[in-house]
There are 2 protein chains.
Amino acid sequence: MQLPIVLDGSEKATLQNQIFDQIRSMIIRGQLKIGDPLPATRELSSQTGVSRNTAVLAYERLIAEGYVQTRPYVGTYVAATAPHTKYPSAVRCDFDSSEADRRSIVDESNDDHAAPPRIHSLVNRRRRRLIADFWVGRSDPNSFPLKAWSQLIWNRLKTAGAALTEYNDPAGLPELRQAIADHLGPARGVIAEPDQVVIVGGCQDGFNLLARLLVRPGSPAVVESPCYQGAAYVLESFGAQLYPVPVDHEGLDVAKLPQVEGAVAYVTPSHQYPTGVTLSLRRRIALLSWATEHGAYVVEDDYDSDFRFVGSPFTALKGLDRGERVIYMGTFSKCMGPGLRLGYVVLPRRLVDGANRLKTLMNNGQGWLEQAAMADFMASGGFGRHLRRIRQLYHSRRDALLAAMEKHFGACEVLGDQGGMHLAWRLPEGFPKASDVEARALDAGVGVYALAAGAAIHFGPDDESDRFLVLGFAALTEREIEAGVARLASALQGDRRPRDITAAMRSKQEAL
Amino acid sequence: MQLPIVLDGSEKATLQNQIFDQIRSMIIRGQLKIGDPLPATRELSSQTGVSRNTAVLAYERLIAEGYVQTRPYVGTYVAATAPHTKYPSAVRCDFDSSEADRRSIVDESNDDHAAPPRIHSLVNRRRRRLIADFWVGRSDPNSFPLKAWSQLIWNRLKTAGAALTEYNDPAGLPELRQAIADHLGPARGVIAEPDQVVIVGGCQDGFNLLARLLVRPGSPAVVESPCYQGAAYVLESFGAQLYPVPVDHEGLDVAKLPQVEGAVAYVTPSHQYPTGVTLSLRRRIALLSWATEHGAYVVEDDYDSDFRFVGSPFTALKGLDRGERVIYMGTFSKCMGPGLRLGYVVLPRRLVDGANRLKTLMNNGQGWLEQAAMADFMASGGFGRHLRRIRQLYHSRRDALLAAMEKHFGACEVLGDQGGMHLAWRLPEGFPKASDVEARALDAGVGVYALAAGAAIHFGPDDESDRFLVLGFAALTEREIEAGVARLASALQGDRRPRDITAAMRSKQEAL
């Protein structure tokens with residue numbers, strides 16, 4: 001069997017990516033149907049002239065993203081979870097979460113805008129006292145490309161001209177928007193024109209822009225449960241009616257999406273915040289169908305997808321979005337640093353004008369200098385090299401964390417360790433609640449965090465959410481990681497032995 | 001003629017406000033159309049039983065807000081400027097074309113947050129074609145202290161450490177807040193602790209911060225008439241009920257402040273935007289008394305008070321504020337450049353916590369690098385020297401503008417020439433309307449602007465506001481100023497001679 005795959009060595013995309021893209025689009029267009037076999041990698045290799053290894057890697061990515069499956073003695077074939085020519089029509093299902101979970105913010109008094117809003121935890125003020133702080137979302141301070149950055153800033157300042165003394169386009173510097181559009185195609189499968197990109201002052205500014213664009217008092221907003229506080233609180237502050245939808249090992253449980261019209265849905269498909277799980281392809285398709293059917297917009301916050309340690313990065317949800325229902329958000333806070341206050345949103349064309357106007361009304365756009373330096377960093381290839389370097393670094397640190405956890409706690413149930421800058425640990429039975437572990441660890445000089453402290457909110461029952469710790473590893477050296485986990489273990493030992501573990505053992509013995 | 005007005009003495013709203021509201025909504029709903037007569041105040045008084053004075057006051061407010069006009073021998077009738085859909089009317093932006101795309105989320109009535117907002121004019125897109133552009137609010141590009149600034153940036157980058165890779169205090173860099181507090185005492189008579197200062201991304205970010213802090217749908221907001229668009233549109237976007245109060249040669253006419261509780265009042269006392277007049281001391285005191293009496297907050301936008309050419313700068317309103325009713329706003333956009341996106345608000349102590357929380361929710365604060373450089377510039381004394389240098393420069397340019405105007409147009413009635421970066425010129429009789437002058441000048445390659453184009457809105461009758469031109473002089477050399485005014489004169493000459501001036505002279509002769 002041969003597939004009509006044509007490779008072009010002169011193209012920018014690697015051969016592996018070309019194979020992936022072409023098979024992927026044959027599946028999406030329905031040229032390959034569920035159950036259809038794919039050629040063996042050996043065949044594909046001899047057909048196209050690529051190395052067998054290249055073919056294997058392309059297939060592994062197709063498998064990882066749920067397009068194809070492989071089974072011993074059967075071979076590789078199009079998976080049942082793969083999309084057809086059109087997204088399968090969404091299964092209608094009633095939203096069954098209890099009324100109590102649903103947060104109703106705008107009601108009687110209309111007092112919302114004056115009451116001080118809830119806000120997310122941004123920094124850990126106790127950090128200085130800690131020997132190791134696994135605070136989530138911190139990038140490595142020593143990996144900031146300071147020398148290259150200083151040079152870029154210096155070059156731009158030399159020729160600044162009127163750029164500092166004039167108002168610039170509130171939607172952002174044209175060359176930065178171009179560089180981002182150029183980056184997103186190969187990196188995330190997102191095809192966008194520069195004018196669909198609006199530069200924002202980090203994700204938080206982006207949340208406000210989108211909430212002001214799409215939310216009115218009482219309008220429905222879907223959030224993940226658990227969810228990043230910073231996004232949920234902004235939606236809340238504009239009077240949205242929140243619909244939390246639970247997250248499991250496949251990501252957002254799409255069967256529980258509310259059957260309401262015109263919602264905005266805030267999701268983190270690549271590396272769910274805080275659990276770290278990746279939204280499966282099947283559910284991505286279902287989410288898009290739901291959005292199309294119900295006139296919803298999906299905000300895809302792709303905050304740390306630059307760091308993928310296992311296989312290739314998933315194509316962004318926005319890359320699958322044919323109905324123009326997805327707004328893609330990226331940030332330079334994770335891959336560069338939050339001190340820049342730079343991020344971006346990529347908008348469906350019909351929202352571009354409104355977003356530009358709002359950005360003007362909100363703050364006339366971002367400062368010129370760092371936008372200009374960032375554009376140069378991206379265009380020169382320096383940004384790509386920087387990403388590769390820190391991806392490697394964070395990979396090692398993740399490995400160090402997993403190794404230390406296994407050494408001190410045995411086999412751990414860990415979520416979200418395939419990418420990103422943090423992972424979630426579901427505490428074993430017999431351990432205290434996560435909030436207790438957090439408190440005890442902080443006393444011992446180690447920062448590990450329950451969901452709430454890690455700037456996440458959980459809308460379900462508390463006892464369930466309080467079984468998770470989140471651990472950021474990107475800003476710590478391997479030595480600090482090992483020392484921190486060791487200290488955590490000894491802090492818990494004193495606690496666990498007498499009260500919890502012994503009690504757990506006793507009750508087990510009694511049960512026998 | 002009788003209107004269906006029903007007054008209720010037990011209602012909270014005053015009788016005057018009830019009359020105002022009911023006539024206003026008849027106009028908005030189209031029950032009263034352009035040109036329709038209103039009953040004489042005497043009739044209305046006898047119909048409803050209110051005093052004649054109450055009726056007169058209600059009509060005066062309808063006139064001030066542009067709903068109705070009055071003409072001798074004709075009476076009072078619905079003005080051509082009256083809105084038909086919504087207040088404030090003006091031009092709903094061209095976004096209406098995409099009506100079909102607009103998302104219908106909730107019912108029609110609640111439409112404000114989703115409808116694209118009105119926005120201020122930020123840059124003059126035609127600038128490149130002009131020989132001299134008197135656009136308002138531009139600082140001199142060649143006076144940016146580029147060498148000193150580059151050095152400060154470079155020094156900070158060398159020791160940046162984790163400042164770029166960590167979230168900083170959303171309220172701003174402590175040393176910059178300290179430097180601003182230190183500066184404001186001697187420069188503006190404002191005594192504040194650093195923790196009362198919040199760094200914002202320019203005034204526009206500050207307007208949003210304050211509107212979200214103080215405005216709820218329907219809450220009263222006093223604006224000057226004419227007023228800076230950027231501020232009024234933000235208040236409008238959060239659903240404020242605008243109360244425009246006219247400005248005369250002494251500034252805001254405090255006698256016309258609305259007698260409502262809990263308002264926020266946006267004012268520009270040092271150099272009113274756009275007329276340039278300075279609020280008299282007598283009226284400053286009255287404004288503060290009004291705020292204290294009615295629980296209002298006054299937002300003092302002190303955008304260009306660094307430039308005072310005649311006498312000493314006035315103490316800021318905030319410097320007279322003993323009841324903690326004034327919020328002071330400053331910007332580095334005028335004295336440095338808008339490309340920095342840096343400004344600040346100084347808050348009464350009881351608003352500090354709420355503002356800090358909102359700033360976090362809105363955008364996690366401003367970028368680190370330029371805050372740090374600005375703090376160093378201020379602390380080193382370089383900022384003070386820079387201010388003195390450009391104050392001198394702008395002074396000479398103002399003199400050049402006044403001289404050129406006198407040379408080409410004779411004695412001119414000019415407002416706001418004692419300070420700032422622009423002045424307002426009340427066109428003499430016999431001249432075309434300001435908007436016509438603007439159009440003709442642009443054709444001739446000179447940018448001079450009517451109020452609306454200069455990012456100002458006027459809530460009174462159009463014919464009055466269209467007698468003013470605003471001219472920014474800070475960004476032009478003396479040679480450009482002279483050349484621009486000369487060109488303007490010759491462009492108008494061709495127009496004025498035959499049609500206007502000659503006609504005006506003829507009619508004057510006839511009158512003799």
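Let's start with one pair of residues: Glu166(B) makes a salt bridge with Arg138(A), and the closest N and O atoms are 2.7 Å apart. By salt bridge I mean a side-chain nitrogen of Lys or Arg within 4 Å of a carboxyl oxygen of Asp or Glu. Across the interface of chain A and chain B, that rule finds two salt bridges.

Before I go on, a word on the background. This is a predicted model, where local features need pLDDT of at least 70 and side-chain atom pairs count only at pLDDT 80 or more, while totals for chains, interfaces and linings use all residues. Residues are numbered from 1 along each chain as its sequence is written, chains are lettered from A and ligands numbered from 1 in the order in which they are written, and side-chain values use heavy atoms, with hydrogens and water left out.

Back to the interface. How many residues are in contact between the chains? It's 80 residues of chain A with 76 residues of chain B, contact being heavy atoms within 4.5 Å. Together the two chains bury about 6700 Å², with 58% of it on carbon and sulfur atoms. Buried area here is the accessible area (1.4 Å probe) that two parts lose on being put together, summed over both.

There are also 22 residue pairs in polar contact between chain A and chain B, both at pLDDT 80 or more. A polar contact is a pair of N or O atoms within 3.5 Å; within protein, one must be able to donate a hydrogen and the other to accept it, and residues adjacent in sequence count only if both atoms are side-chain atoms.

Which elements give two or more residues to the side of chain A that touches chain B? They are helix 4 (146-158), helix 6 (202-214), helix 7 (229-237), helix 9 (349-363) and helix 10 (368-379) of chain A. Helix 9 of chain A has the largest share, nine residues. Helices (H or I, at least four residues) and strands (E, at least two) are DSSP runs, numbered from the N terminus.

Now over to chain B and its sheets. One open sheet has eight strands in the order 4-12-11-10-9-5-7-8, with mixed pairing. Strand 4 (197-200) and strand 8 (251-252) of chain B are at the edges with a single partner strand each, so one side of each has no neighbour in the sheet. For pairing, DSSP has to find at least two bridges between two strands.

Inside that sheet, strand 5 (residues 220-225) and strand 7 (residues 241-248) of chain B run parallel over six bridges, and Pro220(B) sits opposite Gln241(B). Strand 7 of chain B then joins strand 8 of chain B by two bridges, antiparallel this time, with Asp248(B) opposite Gly251(B). Those two strands of chain B form a hairpin with two residues between them.

The other sheet I'd point out in chain B is open too, with four strands in the order 13-14-18-16 and antiparallel pairing. Its edge strands are strand 13 (413-415) and strand 16 (449-450) of chain B.

Last, some backbone details in chain A. Where is the cis peptide bond with omega near 5°? It runs from Ser225(A) to Pro226(A), and Pro226(A) is in the loop between strand 5 (220-225) and strand 6 (227-228) of chain A. Another cis bond joins Tyr273(A) and Pro274(A), with omega about 10°. And Ala455(A), although not a glycine, has a positive phi of about 65°.
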